[in-house]
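Here is a short report on one protein model.

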Amino acid sequence: MNRQAQACVMLLLGGAVLRASLTDLHLRYVKEGLRPFLIAASLLLIITGAMTLWYELRPAAAPDAANEREAATPVVSPDSGESPRTATAHGHDDHGHDHHGPRVAWLLLLPVLGLLLVAPPALGSYAAGQAGTALTADRDYEYPPLPAGDPVRTSVLDYAARALFDQGRSLDDRRVQLTGFVISGPDAEPILARMIMSCCAADGRPVKVGMTGSAPAGLAADTWIEVTGRYTDRRGRDPVNDEEIPYLQVESWRQVQPPTNPYG
């Protein structure tokens with residue numbers, strides 16, 4: 001890979017990251033708070049690639065004979081027994097060889113093609129089925145009352161934490177509304193799941209809530225639904241890591257479009 005190719009790859013990579021950063025596409029892979037850093041990194045790549053390309057394509061000044069002699073330097077070890085050859089300041093030796101970067105640099109095209117042509121989706125039912133529920137909390141934490149509203153919209157994470165670690169006391173027989181995607185649980189029963197992450201999709205882990213009552217049936221995996229129901233003290237076990245999974249007594253549900261930010 002020569003310098004011009006390196007510059008083009010940097011321009012493509014920076015452009016792909018910038019495109020993802022300026023749209024909602026980046027929310028599939030990183031937390032929303034990292035958006036400014038992605039924009040800064042992509043602009044740096046674009047500027048570096050543009051400057052490199054300009055430097056390589058600019059017209060070369062014709063050196064005079066004196067400067068050409070000063071620029072030539074010997075490139076041979078005294079003990080090698082080889083005939084001396086010279087390398088000039090233009091990046092070529094007198095055998096006509098260009099300076100190239102490692103071929104592995106071409107692998108940088110893979111994320112570019114992925115973002116521009118494929119745009120992999122956010123983590124879904126497959127990732128959730130391979131990982132155990134990631135719900136952890138301080139059991140001594142005092143959960144505040146739910147906000148006003150009937151039903152009150154809350155996250156899968158918040159409901160699961162209140163149901164397990166607060167024994168449902170802060171739910172106080174309130175009707176809650178959760179949004180998540182469907183995965184298949186033990187005995188093919190539907191489980192409501194939502195992925196959470198600390199930094200990026202690489203550390204994404206699922207939070208799972210079982211459904212009883214008027215639970216949906218026959219839905220395909222990765223179908224996003226909005227369920228309304230009440231707390232129940234029923235518990236289950238995650239077959240992946242044997243952690244407890246709380247349940248929701250479903251009163252109604254409806255299919256919805258995937259949210260802009262699928263994590264949370």
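For residue classes, Ala, Val, Leu, Ile, Met, Phe, Trp, Tyr, Cys and Pro count as nonpolar, Asp, Glu, Lys and Arg as charged, and the others, Gly among them, as polar. By these classes, the lining of the second largest pocket has nine nonpolar, two polar and three charged residues.

This is a predicted model: local features need pLDDT of at least 70, side-chain atom pairs count only at pLDDT 80 or more, and totals for chains, interfaces and linings use all residues. Residues are numbered from 1 along each chain as its sequence is written, and side-chain values use heavy atoms, with hydrogens and water left out.

**The pocket.** A pocket is an open set of points on a 1 Å grid over the protein atoms alone, where a 1.4 Å probe fits, with protein on both sides within 12 Å along at least five of seven lines; lining residues have an atom within 4 Å of a point. The second largest pocket has 14 lining residues. P121, A122, W224, P258 and P262 lie nearest its centre. It holds about 280 Å³ of space, a volume being the space filled by probe spheres set on the points, which are joined across faces, edges and corners.

**Overall layout.** The protein has six helices and eight strands. Both are DSSP runs numbered from the N terminus: helices are H or I of at least four residues, strands E of at least two. The order from the N terminus is α-α-α-β-β-α-α-β-α-β-β-β-β-β. Of the 264 residues, 35% count as buried. Buried means under 20% relative accessible area, exposed over 50%, and partly exposed in between (1.4 Å probe, protein chains only).

**Strand β5.** Seven of the seven residues of β5 are buried, so this strand is largely enclosed by the rest of the structure. P190, L192, R194 and I196 point one way, and I191, A193 and M195 the other. Two strands pair if DSSP finds at least two bridges between them. β5 has these pairings:

| Strand paired with β5 | Sense | Bridges | Facing residues |
|---|---|---|---|
| β4 (residues 176–184) | antiparallel | four | V182 and L192 |
| β6 (residues 205–213) | antiparallel | six | P206 and M195 |

The hairpin of β4 and β5 has five residues between the strands, and D187 takes a positive phi near 60° there.

**Two cores.** A nonpolar core is a set of buried Ala, Val, Leu, Ile, Met, Phe, Trp, Tyr and Cys residues joined through side-chain atoms within 4.5 Å. The largest has 24 residues, of which Y159, V176, L178, L192, V227 and L248 touch the most other members. Elements giving two or more residues to this core are α6, β4, β5, β6, β7 and β8. α6 gives the most, with seven. A second, separate core has 11 residues, including I191, A193, M197 and Y263.

**Helix α6.** Eight of the 10 residues of α6 are buried, so the helix is largely enclosed by the rest of the structure. Among them are Y159, R162 and F165. The buried residues pack against β4, β5, β6, β7 and β8, contact meaning heavy atoms within 4.5 Å. Just after α6, Q167 takes a positive phi of about 55°.

**An exposed loop residue.** Where does T136 lie? T136 sits in the loop between α5 and β3. T136 is exposed, with a relative accessible area of 69%. T136 and E243 are 107 residues apart in sequence but 9.9 Å apart in space, C-alpha to C-alpha.
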